[in-house]
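Please look over the model below before reading on.

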Amino acid sequence: MNRIFVLIVLISARVPFAQSNNVNYDEAKVPVFDLPDPLILADETPVLSSQIWLEKKRPEILTYFEEQVYGRAPRWEHQITFQIREQQRGALDGTALRRQVRIYLLGSTSGPFIDLLIYLPAGLDKPAPLFVGLNFYGNQTIIDDPAIFLPESWVDNEPEYGITDHKATEASRGVREYRWPVRQILARGYGVAAIYYGDIDPDDEGRFDNGIHPWFYQPGQTHPAADEWGAIAAWAWGLSRAMDYFQLDADIAADRVIVMGHSRLGKTALWAGATDQRFAMAISNNSGCGGAALSKRRFGETVKIINTVFPHWFCDNFNAFNDQEEKLEVDQHELIALMAPRPVYVASAQDDLWADPRGEFLAAQAASPVYQLFGLQGLPTEEMPAVNTPVMGTIGYHIRTGVHDVTLYDWEQFMHFADLHGMNR
Ligand code: GCU
C-alpha cells in the first residue's frame, strides 16, 4: 500500500509542480541574489592564480558540493575486473568496431556490474577519442543493432517501448536513435560509449535498497547518510568506472574522453567532469536545476521542487536549501568552473523554461573568470546569444529552438566544439 501511495503522490506531484502558479517563469520575479565569487576563498583571500585555484579554491568548492549537494561517493577499494563479452569488427555496415564490456565492480562475477557498449570508427590507425554518456532505457535504445545486449537491471516502465514490467524489451531497440546519431559521430572520427544508468543505480523514486548504494552500507545502514551520495553522484561514479576501463583499452584515446548527458544525466555529466579530472571535456544538455542552471534565480524548477519530486537524486543535506537558496555557499556556475581549464559546453533549449535557459547561460558566463585565471577565454560573450547561434570559447553555449530534448543540431555543435579543442587530433 505504501509503495502504491508514494507512487501516486509522486506522479501527481510532477504535473501540479510543473504547471502550478508557484513556479516562476517571470524574469521580473527573479529574486535579487548574490552569486558566490569563485575567486574568493572562504577566508576571503582572493584567488590570484590558477595554482591557488587548483590547490585551495577548487577543493573548497568541490567539498561543499560533495557534502551539501550531491553527496560524497565512497572510496572504491575493490579490484574491478572487465570482461569483453562481445566484439565485432565491421559492425554497423562495416563502419564500426563494436565492443561490449561488462565491468564487475567488485571484481567478481557474483557482484554488481555495469554493461558498457562501445562503438569506435572502423579502420582507425590510432586510438579514438570518444563521447561517453548514460542513457535512460538501455544501451539497445541508442541504435538499432540486434547485437546489443539488453540490460538486466530494473528499467522504468514505458509502454511506448513495450516496457511494462521493469524489464528491457526487444521492442525498445533503437527507440532513442534520434538522440544518439552514432553513425554521424563515427563518421567524424569519434567513438561513442553508452551505459544504461539503471545498471549503476535504478532511478526508482526514493529507493536506496538496490543499485550500488547498499554495497557500501555499514552494518545496519539502509540509507545513505546525509552527506553521502545520492543517485546523481552514483551515476557519475559509474561513469568513472567506465573511464577506468577506457584507460586500459588501447583503441581508445583515454586522454580525450568527453562526458555528455541530457537532463538529469546532464547534471550527472557535469558532476562526473567535476569529480573526475580524467574526463577531458563535459557537455551538459538541458540539465537545468542541479545542473547548469543557477539555483539562486529560482526560475522554473527550484531546489525545493527537485528535492520533493526526486528525493533520491541529491544528498539529504541538500534539503536544507529548499526555499532557502540564499544560504547556499556555492551556485552552479561553480560546478561548471570545476571543469577548468578543461573545455565545457552548456546547451539549452528555448522552450525548456523548466530548466531555465537564461540561468544556464548566466552560470556558464559566471564560470568564465576561473578560465581567465588559466589565461583562457571562458564564454566569449557578454549577452545571451540569439537562438541557434552558438558561442564557443573554452566554455561553449547555445540555446536552440525547440523543446527539452537532444537533437542532431545539438550534437553538431558538440562535435564542432570538440574539434575546436583538439579532441580529434
Ligand atoms: C524532470 C526534472 C528535471 C530533469 C528531468 C529529466 O523534468 O524535474 O530536473 O532534468 O526530469 O531528467 O528528464
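1. **Basis.** This is a predicted model, in which local features need pLDDT of at least 70, side-chain atom pairs count only at pLDDT 80 or more, and totals for chains, interfaces and linings use all residues. Residues are numbered from 1 along each chain as its sequence is written, and side-chain values use heavy atoms, with hydrogens and water left out.

2. **Overall fold.** The protein has eleven helices and ten strands. Helices (H or I, at least four residues) and strands (E, at least two) are DSSP runs, numbered from the N terminus. The radius of gyration is 20 Å, close to the 22 Å that the globule rule gives for 425 residues, so the protein is as compact as a globular protein of that length. That radius is taken over C-alpha atoms, and the globule rule is 2.2 Å times the number of residues to the power 0.38. Along its principal axes the C-alpha trace spans about 55 × 55 × 40 Å.

3. Of the 425 residues, 57% are buried. Buried means under 20% relative accessible area, exposed over 50%, and partly exposed in between (1.4 Å probe, protein chains only). Among contacts with a separation of 6 or more, 69% join residues 24 or more positions apart. Contact means heavy atoms within 4.5 Å.

4. **α2 against α6.** Two packed helices are described by the angle between their axes and the distance between the axes. Helix α2 (residues 50–70) and helix α6 (residues 264–275) have axes that come within 11 Å and cross at roughly 135 degrees. That makes α2 oblique to α6. Axes are lines fitted to C-alpha atoms, for helices over the stretch in contact, and angles run from 0 to 180 degrees between N-to-C directions. Angles under 35 degrees count as roughly parallel, over 145 as roughly antiparallel, 65 to 115 as roughly perpendicular and the rest as oblique. The crossing of α2 and α6 is left-handed. A crossing is left-handed if the near helix is turned anticlockwise from the far one by less than a right angle, and right-handed if clockwise. From α2, Arg58, Leu62, Phe65, Glu66 and Tyr70 meet Trp271, Gly273, Ala274 and Thr275 of α6. The residues of this contact divide into five nonpolar, two polar and two charged. Here Ala, Val, Leu, Ile, Met, Phe, Trp, Tyr, Cys and Pro count as nonpolar, Asp, Glu, Lys and Arg as charged, and the others, Gly among them, as polar.

5. **α5 against α6.** Helix α5 (residues 231–246) packs on α6 at an angle of about 60 degrees, with the axes 8 Å apart. That makes α5 oblique to α6. Their crossing is right-handed. On the α5 side are Ile232, Ala233, Trp235, Ala236 and Leu239; they meet Arg264, Leu265, Lys267, Thr268, Trp271 and Ala272 in α6. This contact divides into eight nonpolar residues, one polar and two charged.

6. **Tyrosine 197.** Where does tyrosine 197 lie? It is in the loop between β5 (191–196) and α5. Tyrosine 197 is buried, with a relative accessible area of 5%. Leaving out residues up to four places away in sequence, tyrosine 197 touches Leu134, Asn135, Phe136, Asp203, Trp235, Arg264 and Leu265. Its C-alpha atom is separated by 6.3 Å from that of phenylalanine 136, 61 residues apart along the chain.

7. **Backbone points to check.** The peptide bond from alanine 340 to proline 341 is cis, with omega near 0 degrees. Proline 341 is in the loop between α8 (332–337) and β8 (344–349). Asparagine 286 has phi near 50 degrees, a positive value in a residue other than glycine. Asparagine 286 sits in the loop between β7 (281–285) and α7 (303–309) and counts as buried at 1% relative accessibility. Aspartate 323 also has positive phi, near 60 degrees. Aspartate 323 is in the loop between α7 and α8 and counts as partly exposed at 43%.

8. **Threonine 302.** This residue is in the loop between β7 and α7. At 14% relative accessibility, threonine 302 counts as buried. Beyond its neighbours within four places in sequence, threonine 302 is in contact with Cys289 and Glu325.

9. **Methionine 392.** Strand β9 (residues 391–392) holds methionine 392. Methionine 392 is partly exposed, with a relative accessible area of 21%.
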